[in-house]
Amino acid sequence: MPNVIAIDGPAASGKSTLAKKLAEDLGYLYFDTGVMYRAVTFLVLQNKIPPHDETAVTRLAEQSSIDVTSPTVDDGRDYNVWVAGQDITWKIRQPEVEAEVSRVSAYAGVRRALTAQQRRIGQRGRVVMAGRDVGTVVLPEADLKIYLDASVEERARRRFVELQQRGEKLSYEEILTAMKSRDRIDSSREIAPLRPAEDAIILNSDNTPIDQVLEMVHKIITRLSEEE
């Protein structure tokens with residue numbers, strides 16, 4: 001069995017859902033690397049640091065010890081996010097964090113600081129890590145790398161349905177525009193741009209239920225195990 005599995009892809013491609021289901025099936029830790037950027041963004045706002053102050057934000061990221069563990073509370077969470085012993089799992093989902101996390105995650109110094117922390121967690125093993133640069137930067141030595149893609153229109157539709165179910169009023173056009181902007185930021189940044197690893201297996205989730213994608217990944221794991 002692969003000890004470390006990396007699942008990368010753009011926003012709303014289904015990578016987090018796939019990683020979560022796969023981790024549950026394997027009894028592994030599900031680790032969405034994006035929560036670390038949310039954690040730093042939360043700390044930035046909590047400490048009243050201007051999110052546009054790259055130097056101050058980077059310094060905070062370098063000084064903050066963040067950990068992600070299996071959930072210890074049965075309240076719907078997929079993991080625990082800790083900073084200095086404080087459980088901030090739900091606090092990082094606040095709308096004000098959502099509004100600033102793209103800016104914070106684009107800073108080169110922040111990415112370097114958090115990459116080291118993500119590697120520390122990943123190297124414990126028995127983990128499925130979902131993100132945008134796990135297979136290329138964080139853990140290029142991962143035993144299995146999946147890049148899950150989907151068209152931007154399909155991803156915007158999924159996010160639109162998700163937000164509608166939560167009672168939010170953004171239009172499909174607004175979500176599509178924002179997602180195209182996020183894709184542009186993620187794929188053009190100088191540090192760790194969004195792209196598949198050279199040895200990643202690329203899957204497309206357009207018109208494919210996530211359980212069917214999960215079945216495909218299990219078949220890949222079985223084939224790799226047999227080859228070993």
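Biologist: In this predicted model, is Tyr172 buried, partly exposed or exposed?
Modeller: The model is a prediction, and the answer rests on a computed relative accessible area, for which buried means under 20% and exposed means over 50%. Tyr172 has a value of 24%, which lies between those limits, so this residue is classed as partly exposed.

Biologist: Which residue forms an aromatic pair with Tyr172, and what is the geometry of the pair?
Modeller: A pair of aromatic rings is described by the distance of the centres and the angle of the planes. For Tyr172 and its partner Phe160, the centres are 6.4 Å apart and the planes stand at 85°. The pair joins helix α7 (residues 152–165), which holds Phe160, to helix α8 (residues 172–188), which holds Tyr172, across 12 residues of the chain. Planes over 60 degrees apart count as edge-to-face, and the partner of Tyr172 in this edge-to-face pair is Phe160.

Biologist: How do the axes of α7 and α8 cross, and what is their relation called?
Modeller: The two axes come within 9 Å and cross at roughly 125°. α7 passes α8 in a right-handed crossing.

Biologist: What is the geometry class of the pair formed by Tyr30 and Tyr79?
Modeller: Tyr30 lies in strand β2 (residues 29–32) and Tyr79 in the loop between β3 (66–69) and β4 (80–83), 49 residues apart, so the pair links distant parts of the chain. Each of the two counts as buried, Tyr30 at 6% relative accessibility and Tyr79 at 6%. Their ring centres are 5.4 Å apart and the planes stand at 45°, so the pair is tilted.

Biologist: How does α1 pack with α9, and what is the division of the contact residues by class?
Modeller: α1 and helix α9 (residues 210–227) pack at an angle of about 55° with their axes 10 Å apart, and they are therefore oblique to each other. The crossing of α1 past α9 is right-handed. Among the residues in contact are Leu18, Leu22 and Leu26 of α1, and Ile210, Val213, Leu214 and Ile221 of α9. The contact divides into 8 nonpolar, 2 polar and 3 charged residues.

Biologist: Which residues does Thr58 contact, leaving aside its neighbours within four places in sequence?
Modeller: Thr58 is found in helix α3 (residues 54–63) and counts as buried at 11% relative accessibility. The buried residues of α3, which include Thr58, pack against α2, α4 (95–105) and α5 (108–122). With its sequence neighbours set aside, Thr58 is in contact with Tyr107, Gly109 and Val110.

Biologist: Where is Asp133, and which residues does it contact beyond its neighbours within four places in sequence?
Modeller: Asp133 is placed in the loop between β6 (127–131) and α6 (134–138). At 1% relative accessibility, Asp133 counts as buried. Beyond those neighbours, its contacts are Asp8, Arg111, Val138 and Ala192.

Biologist: Ala12 and Lys48 each have a positive phi; which of them is buried and which is exposed?
Modeller: Most residues other than glycine have a negative phi. Phi is near 65° for Ala12, in the loop between β1 (4–8) and α1 (15–26), and near 55° for Lys48, in the loop between α2 (34–46) and α3. The relative accessible area is 16% for Ala12 and 73% for Lys48. The buried residue is therefore Ala12, and the exposed one is Lys48.

Terms used: Residues numbered from 1 in each chain as written. Predicted model: local features only at pLDDT ≥ 70, side-chain atom pairs only at ≥ 80, totals over all residues. Heavy atoms only, no water. Phe/Tyr/Trp six-rings, centres within 6.5 Å; stacked < 30°, edge-to-face > 60°. Helix = DSSP H or I, 4+ residues; strand = E, 2+ residues; numbered from the N terminus. Buried < 20%, exposed > 50% of the residue type's maximum accessible area, 1.4 Å probe, protein only. Contact = heavy atoms within 4.5 Å. Axes fitted to C-alpha atoms, helices over the stretch in contact; angles between N-to-C directions. Left-handed = near helix turned anticlockwise from the far one by under 90°. Parallel < 35°, antiparallel > 145°, perpendicular 65-115°, else oblique. Nonpolar A, V, L, I, M, F, W, Y, C, P; charged D, E, K, R; others polar.
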